[in-house]
Amino acid sequence: MGTLIVLAILVLAVMGINSPGWWLLAAALIYLYVRYFRVGQGASGSSSGGGASSGSSSSTRMDSDYHAYRRRRDRLAKWERRYRRERPWNVKK
């Protein structure tokens with residue numbers, strides 16, 4: 001998705017050589033890309049499950065309230081305990 005948006009921005013920039021309207025459209029697209037797609041990458045994926053892959057990326061995401069924060073932290077702790085229990089030889093001490 002990000003590749004298509006960047007490609008569209010480049011096309012609009014090339015088309016905007018003769019018309020400033022295309023530059024404005026490219027600027028609006030850059031704003032929307034940075035505002036909604038780039039910042040919210042972790043949030044746009046899956047909100048439940050995820051395991052270890054979402055643990056590191058979701059720490060940068062802000063939760064909507066304290067209860068969502070606690071649910072996310074409890075789920076992460078559960079996965080970490082399970083990982084340590086199933087792979088005791090692979091855990092750093």
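This is a predicted model: local features need pLDDT of at least 70, side-chain atom pairs count only at pLDDT 80 or more; totals for chains, interfaces and linings use all residues.
Residues are numbered from 1 along each chain as its sequence is written, and side-chain values use heavy atoms, with hydrogens and water left out.

**Exercise 1. Describe the fold and burial of the protein chain.**

Step 1. The protein chain has five helices and zero strands; helices (H or I, at least four residues) and strands (E, at least two) are DSSP runs, numbered from the N terminus.

Step 2. Along the sequence the pattern is α-α-α-α-α.

Step 3. Of 93 residues, 14% count as buried. Buried means under 20% relative accessible area, exposed over 50%, and partly exposed in between (1.4 Å probe, protein chains only).

**Exercise 2. Identify the residues of the nonpolar surface patch and the helices that supply them.**

Step 1. The patch consists of L7, V11, M15, W22 and L25, which together have about 440 Å² of accessible area. Patch residues have over 30% relative accessible area and no salt bridge; nonpolar side chains (Val, Leu, Ile, Met, Phe, Trp, Tyr) are joined within 5 Å and like charges within 9 Å. Areas come from the Shrake-Rupley method with a 1.4 Å probe, and for residues only the protein chains shown count as cover.

Step 2. Two or more residues come from each of α1 (2-15) and α2 (20-38). Helix α1 gives the most, with three residues.

Step 3. M15 lies in helix α1 and is partly exposed, at a relative accessible area of 38%.

**Exercise 3. Locate the salt bridges of the structure and the residues they link.**

Step 1. The structure holds three salt bridges, each a side-chain nitrogen of Lys or Arg within 4 Å of a carboxyl oxygen of Asp or Glu. Side chains of opposite charge can pair when their charged atoms come close.

Step 2. D74 and R70 meet at 3.1 Å, N to O. These residues, D74 and R70, are four residues apart in helix α5 and therefore separated by about one helical turn. D74 is partly exposed at 43% relative accessibility, as is R70 at 33%.

Step 3. R82 pairs with E86, with the closest N and O atoms 3.1 Å apart. E86 also forms a salt bridge with R87, where the closest N and O atoms are 3.6 Å apart.
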